[in-house]
Amino acid sequence: MEQYPYQPPEPRRPDGPAAGSRQGDERARGQGEGDGHGHPHPGHDDAHTRPQTHGHGHGHSHSHGPAAPVSRHLRKVIAAVLIPFTAAVLVGLVVLWPGGAPSHKRTGVGFDRQTQQATVTRVVEVSCQSVNASGGTPAGDPSAGEGGAGAATGGTCKKATIRVDTGKDEGRTFTEIVQPDQSRQLHQGEEVVVAYEPAAPKNLQYSVADVNRKFPMALLAGIFAIAVVVVGRLRGVMALVALAVSFMVLTFFILPAILQGSNPLLVAVVGSSAIMLIALYMCHGLSARTSVAVLGTLVSLLLIGILGSEFIDWAALTGNTDDNTGLIHGLYPSIDMSGLLLAGVIIGSLGVLDDVTVTQTSAVWELHEANPAMGWRGLYRAGIRIGRDHIASVVNTLVLAYAGAALPLLLLFSIAQSSVGAVANSELVAEEIVRTLVGSIGLVASVPVTTALAALVVSADRSDPHAPAGAAQPAPARTGRGRRRKR
């Protein structure tokens with residue numbers, strides 16, 4: 001009985017004392033461990049079982065993480081695929097890295113305007129007819145024309161005095177007439193964004209362009225960050241850091257590189273691959289399980305890129321369908337707008353793909369931990385059943401997200417009483433259809449691909465004769481299952 005304090009903490013299999021005795025003898029012969037008796041030590045069963053669940057067993061530090069590490073052989077196989085891929089991404093970042101967005105002369109149209117911060121200091125009600133008769137309506141107000149009806153009927157307008165708070169004209173004031181039927185009404189004390197046109201007459205150089213929403217947007221972002229950290233704790237913090245890094249890659253690499261004239265598809269592939277590697281490994285740790293999710297995401301992105309390229313070309317989608325894309329094409333004619341559309345499809349699909357591949361990989365890993373005897377076919381069948389439920393909700397979410405974003409456009413087609421075929425044939429809607437369906441096909445394909453990869457990895461690891469002794473014993477899962485059976 002003196003050897004009990006030196007026994008490894010693994011409990012016997014829940015198949016019964018005979019199975020425990022036989023496996024104990026095998027461990028004793030193969031590793032120089034085990035009691036060799038096949039009988040539980042009184043008072044030690046729970047004491048040894050509970051610490052294992054939390055990863056405090058002797059020589060089994062791998063159980064601290066979400067999954068036991070795989071064998072050295074499988075780590076080499078995974079590294080043989082991912083290391084060259086990571087190196088290629090790094091080379092792509094270096095080669096395509098821009099020196100910054102190229103400068104251009106501002107057009108004063110849309111977002112390409114000089115803007116300053118301002119405050120509405122005074123608002124008074126005046127007769128629309130009298131204001132127009134005195135010539136007080138500033139021509140620089142793009143929305144002033146909307147109030148023609150109000151002026152003709154002698155309605156009540158608002159005369160707002162706005163003070164410029166930033167820039168070389170700080171402290172300067174100007175007036176603007178707000179018609180009663182304008183969608184944006186100004187109020188005293190309201191912070192606004194004003195557009196500046198230096199070529200216009202001095203009294204018409206400034207006009208209200210938008211409302212200053214910085215505070216509510218910052219407050220909402222703060223609530224989001226607090227919620228993520230409170231619920232996710234350390235994982236939540238890492239997720240926020242990964243999100244910040246993703247925005248940095250988008251802002252400092254993808255957008256300037258495209259504006260500089262690089263191939264949008266190549267830039268999107270390199271940038272999204274960098275985001276994928278950083279976000280997945282930062283949020284889920286450097287492990288074989290995360291690597292399998294990376295591989296599944298990579299295969300799915302490749303499929304999305306091929307399908308997107310073929311169908312965007314086949315459907316003759318130009319990517320130049322609205323004022324914003326038209327402005328981009330006018331400022332930078334060298335940009336391939338159809339390539340930009342495909343780049344958006346790839347980047348837009350990446351976020352949902354990460355969710356699907358990580359979930360499927362985790363599901364297969366947990367199934368293996370719960371039943372180590374299950375082969376790769378059994379793991380695949382069980383994992384794919386989970387994936388079907390997941391993919392059904394994810395595809396519906398993706399379609400509804402795109403439909404919600406395009407709701408005003410769909411409403412216009414409804415007002416025009418256009419047929420479904422005419423609506424779908426419009427390039428504006430066809431872009432969204434191709435974007436949605438190509439992304440959804442990639443999501444659907446990611447489930448069987450990732451599930452098969454994860455099942456092959458964990459099942460091959462179980463039977464690997466070169467696996468370390470500690471890594472081949474999934475003690476925590478057997479412990480949990482044994483306790484459930486006792487209930």
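Modeller: Two strands pair if DSSP finds at least two bridges between them. The model is predicted: local features need pLDDT of at least 70, side-chain atom pairs count only at pLDDT 80 or more, and totals for chains, interfaces and linings use all residues. Residues are numbered from 1 along each chain as its sequence is written, and side-chain values use heavy atoms, leaving out hydrogens and water.

Colleague: How do you know that β2 and β3 are joined?

Modeller: Six bridges join β2 (residues 156-164) to β3. The cut-off is at least two. So β2 and β3 pair, and they run antiparallel.

Colleague: What makes β3 and β5 edge strands?

Modeller: Look at the open sheet of five strands, in the order β3-β2-β1-β4-β5 with antiparallel pairing. Both β3 (173-178) and β5 (206-211) pair on one side only. On average, neighbouring strands here are turned by 45° against each other, direction ignored.

Colleague: Why is α11 called roughly perpendicular to α12?

Modeller: Helix α11 (residues 376-405) packs against α12 (residues 407-415) at about 70°, with the axes 4 Å apart. That angle makes α11 roughly perpendicular to α12, because the label covers 65 to 115 degrees (under 35 is roughly parallel, over 145 roughly antiparallel, the rest oblique). The axes are lines fitted to C-alpha atoms over the stretch in contact, and angles run from 0 to 180 degrees between N-to-C directions.

Colleague: Which residues of α11 and α12 meet?

Modeller: A403, G404 and A405 in α11 meet L407, P408 and L410 in α12. Contact means heavy atoms within 4.5 Å. By class, this contact between α11 and α12 has five nonpolar, one polar and no charged residues.

Colleague: Why is I78 called buried?

Modeller: I78 has a relative accessible area of 10%. Buried means under 20%, exposed over 50%, and partly exposed in between (1.4 Å probe, protein chains only). So I78 counts as buried. I78 sits in helix α3 (residues 72-96). Beyond neighbours within four places in sequence, I78 is in contact with A288 and S291. I78 and S291 are 213 residues apart in sequence, but 7.2 Å apart in space, C-alpha to C-alpha. In the protein as a whole, buried residues make up 40% of the 487 residues.

Colleague: How do you know whether R233 is buried or exposed?

Modeller: The relative accessible area of R233 is 65%, so R233 is exposed. R233 lies in helix α6 (residues 214-259). The phi of R233 is near 55°, a positive value in a residue other than glycine. Most residues other than glycine have a negative phi.

Colleague: Where is A316, and what is its phi?

Modeller: A316 lies in the loop between α8 (288-314) and α9 (323-331). The phi of A316 is positive, about 55°, although A316 is not a glycine. A316 has 55% relative accessibility, so A316 counts as exposed.

Colleague: What is the average pLDDT of the protein?

Modeller: The average is 74, and 72% of the residues score at least 70. The scale, the predictor's confidence in each residue, runs from 0 to 100. Over residues 1-66 the pLDDT stays under 50. Over residues 133-152 the pLDDT is below 50 too.

Notes: Helices (H or I, at least four residues) and strands (E, at least two) are DSSP runs, numbered from the N terminus. Ala, Val, Leu, Ile, Met, Phe, Trp, Tyr, Cys and Pro count as nonpolar, Asp, Glu, Lys and Arg as charged, and the others, Gly among them, as polar.
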